[in-house]
Amino acid sequence: MVEIFRSAINIISALAIPIFIVVFLGWGVIKKVKVYEVFVEGAKDGFNTAVRIIPFLVAMLFAIGIFRVSGAMDVVVLILSPITNLIGMPAEVLPLGLLRPLSGSGSMGLMTELMKTNGVDSFIGVLASTMYGSSETTFYILAVYFGSVGIKNTRHALPAGLIADFFGMLGAVFITRILFGI
Amino acid sequence: MLNYVWISLLMIGIFTAVGRDINDEVTNTYRNGVPVTAQFETTKQRTSVRPAYDGEIIFPSAAFDQFYNISSTQSQQTEIRQTAILTTLSSGKQKLEIPITDATPSFWKEMAKAAGGKDKLEAEIISFDQGKKEIIFTMERVSFVKIKAVTKAAIEFSDTAVTISLSLIGVMALWLGIMKVGEAAGLLEILTKLMTPITRRLFPDVPSNHPAVAAMIMNIAANMFGLNNAATPMGLKAMEELNKINPKAGTATNAMCTFLVINTSGLTLIPATVIAIRAGLGSADPGIIIGTSIFGAACATTAGLISVKILQRLPRYKKELLVEDKDAEVKNG
């Protein structure tokens, strides 16, 4: 069952982009759109959008970078671990949960490390990969998406995003405990 | 809130770094100026051309860990063997040069990084007894490790940010071009109409025939199938469209926040990266986490959507949408 689901998704993922290009541009030809001219016209904005993101991403990443290398994470883990112990989250994966919204590459490294030291198919290994797979790099997405249109006041997006991350972690711990728990 | 989180990340980071460096200095974590004894085994004698001994310094692991007060043994071997070059300076003093290799104890690797990002460590030799092969030396001074790392990180990460942004140019241009053709051909309109029943509920403020809807739908679909290269440009296109109906430039609308939360909760049907890493580490069943990840991401998405809808009703956030109240708004962040 899982196998069929997986291969179906893999096929769709592989074909999606070519099909997408054919349908969009093909439809354009049918509708007598000057496809090349319109494509170039649209593509022109690519540069501006990318450049607009720069200040937002610099602000975000350098703060996250400083936080990460300072070792402040260890301190936060020390403070939070009694609370996370209560909900049955092993102390080893707490840093991963904290780093996940902040840094994509950092949390990937941490997840790999956890799987190496505890075993890929161990409870902690499965939990770590589930936690990584059930969330996204909230701060990065926030900076890029809002930065691209110059949004400085992000209102309730960050709290809502962090609540989502928190419940994603809870969900990961819950389901992994039930299915692979000790 | 972002203002406070941002400044907290910076301040906590910098103050922790300073605190740890002071602590390192007080407890002398890096054993600055403390002589250490080890065995030195010569592998290559000195010649008249090259007045240096090549060799290996040998420590019992336990002695190394005890010297640096490391609680957990970092190496599996009982012995640390580290290549080193012993040179005699013109002043008559002897110097030990320790190149950093893969076999170097991680504590020394860290020290080398702190000593200025060099690929070697230096030590001053106090005595060297060739007959007994015994060497006594003091390692070079290492201090302010964390605060140096913070300085380096600030510069490096700013650089990374620019690299990431610029690397988006290509895919952005590609997808924006294709989307523009779809728009001109009326394809986005058709897609928008199809999805209206769902999007009307999620984004009540967005007119149901607005092009933003199509872009958002395509972004969410691309995310689900793990097409990251396509998802970001479509997401940014959606943001651009949403911003066209934003009454107050620079402030996020309810629809933008909802859309962002859907993205940050990362609902993916196949977490391809994780599966690849698991397979690489020799997992018996790399795909075992597909179901659990979908469950976790579904929890995140549900919680995110509920909280975004509740939070947008709070007077605090509602007030920020008002166009007149400009000055008060800037302070609120």
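This is a short tour of a predicted model, stop by stop.

**Before you start.** Residues count from 1 along each chain as its sequence is written, while chains are lettered from A and ligands numbered from 1 in the order in which they are written. Local features need pLDDT of at least 70, side-chain atom pairs count only at pLDDT 80 or more, and totals for chains, interfaces and linings use all residues, with side-chain values taken from heavy atoms, hydrogens and water left out.

**Stop 1: chain A.** Select chain A and colour by secondary structure. You get 9 helices and 0 strands. Helices here are DSSP runs of H or I, at least four residues, and strands are runs of E, at least two; both are numbered from the N terminus. Draw the principal axes: the C-alpha trace spans about 65 × 45 × 30 Å.

**Stop 2: two domains.** Next select 1–43 of chain A, which is domain 1, then 50–180, which is domain 2. These bounds come from an automatic or database domain assignment. The C-alpha centres of the two domains lie 32 Å apart.

**Stop 3: the interface.** Now show chain B against chain A. The contact (heavy atoms within 4.5 Å) takes 106 residues from chain B and 99 residues from chain A. About 8600 Å² is buried between them, 79% of it from carbon and sulfur atoms. Buried area is the accessible area (1.4 Å probe) that two parts lose on being put together, summed over both.

How many salt bridges are there between chain B and chain A? The count is 3, each a side-chain nitrogen of Lys or Arg within 4 Å of a carboxyl oxygen of Asp or Glu. Zoom to Arg278(B) and Asp121(A): their side chains form a salt bridge at 3.0 Å, N to O.

Then select helix α4 of chain B, residues 145–184. This helix gives the most to the side of chain B that touches chain A, with 27 residues.

**Stop 4: a loop in chain B.** Finish at Asp205(B), in the loop between α5 (187–202) and α6 (211–224) of chain B. Beyond its neighbours within four places in sequence, Asp205(B) is in contact with Asn254(B) and Ala255(B).
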